[in-house]
Amino acid sequence: MRKTKDMDWQSLGFQYMSCDKRYVSRFREGQWDEGSLTGDPSITLSECAGILQYCQECFEGLKAYETVNGDIVCFRPDLNAKRMAETAEFLCMPKFPEDRFIRAVDETVRANLEYVPPYGSGASLYIRPYMFASGPVIGVKPADEYMFRIIVMPVGPYFKGGAKPIAVMVSDYDRAAPHGTGHIKAGLNYAMSLHAHEIAKEAGYPENMFLDPREHKYVEESGGANFYFISGDGSTFITPKSGSILPSITRRSLVYVAEHMLGLKVEERPVEFAEISDFSECGLCGTAAVISPVGLVHDHGRDIIFGKGLEEPGPVTKELYEKLTGIQLGTVKAPEGWIHKIA
Ligand SMILES: *Cc1c(COP(=O)(O)O)cnc(C)c1O
């Protein structure tokens, strides 16, 4: 039996917790050092660090789970490694090598094994790799020095109350500009969406639906998750395609599950906001919540309701959720290469 921390796994929220070890690597004089684990949760920075002045920062998010067999695994970390390298390139930051990214995730999880929630608890170990400009800059340019870190923390389900449908609100604001930074996983996109998120929360909606920034005609995504829809006849999985949404790994995995495991048709295409009232189901997908069923979209005094609304998720959403979480927890056979064993 693996030893675990004495913790009430059932009551975990989605909150920072300082675990025993974190991974740190520094980029100086044109190269990454070999990196190591440390027990120190604090960072000392130049007052003029690039992150503090011009927001050069990016991050990733993935989870480690205990499977039904007692293995500790994570889900498609190669895609996180690749996406982070692509994001770094767009922000004029050095890439952290993809193979090293995966090894660093392994090392960090192994050093905090006692924090991985037990199988069946519904909780998981959230893994947050991130990178930022640590070198000083005042003239506008990329910094010369960077820090890559990985922190981990046990988390419960992102939305308390599990897979209960949520209501989302159409935002009047945009989270990303056309030809901007919407497709990269950078903290600056989140800074941009906080104001709209607070407005939605005050109005009683836990998430926003952002529309395309050019015309407000097409569905984009929420602040931190992609949307999918199920056609009125239940036959088709439809997900927005746009240059300004983040390529979610959960969404890409659901596309595969829908097509190859549930026998649905799949459409990845621009989705007009005007057509969503024809759909039977709607959901948000991302690592944090896996799937959050959406029962209602509030649009300026009008409510669009999917299926049984806020009462319960639709049948396809339930199946998608069962299959994907089953793959992650080892109760459903995973497609080749999706599950990465750590311990
Ligand atoms: C991280 C993120 C998602 C979800 O991506 P996953 O890879 O599925 O976790 C969706 N939208 C935004 C804006 C994100 O930052």
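Student: What should the 16 residues of helix α4 (residues 187–202) span at 1.5 Å a residue, and how far apart are its end C-alpha atoms?

Tutor: This is a predicted model, where local features need pLDDT of at least 70, side-chain atom pairs count only at pLDDT 80 or more, and totals for chains, interfaces and linings use all residues. Residues are numbered from 1 along each chain as its sequence is written, and side-chain values use heavy atoms, without hydrogens and water. Helices are DSSP runs (H or I, at least four residues), as are strands (E, at least two), numbered from the N terminus. Expected span is 1.5 Å times one less than the number of residues. Helix α4 should therefore span 22 Å, and its end C-alpha atoms are 23 Å apart, which agrees.

Student: Which residues of α4 are buried?

Tutor: An α-helix has 3.6 residues a turn, so residues three or four places apart point the same way. Buried means under 20% relative accessible area (1.4 Å probe, protein chains only). In α4, Asn-189, Ser-193, Ala-196 and Ala-200 are buried.

Student: Where does Arg-175 lie, and what does its side chain contact?

Tutor: A polar contact is a pair of N or O atoms within 3.5 Å; within protein, one must be able to donate a hydrogen and the other to accept it, and residues adjacent in sequence count only if both atoms are side-chain atoms. Arg-175 sits in the loop between β9 (166–170) and α4. At 5% relative accessibility, Arg-175 counts as buried. Its side chain makes a polar contact with that of Glu-221 (2.8 Å).

Student: Which polar side-chain atom lies 2.6 Å from a ligand oxygen?

Tutor: One of Thr-287. For Lys-185, the distance to a ligand oxygen is 2.7 Å.

How values were computed: Buried < 20%, exposed > 50% of the residue type's maximum accessible area, 1.4 Å probe, protein only.
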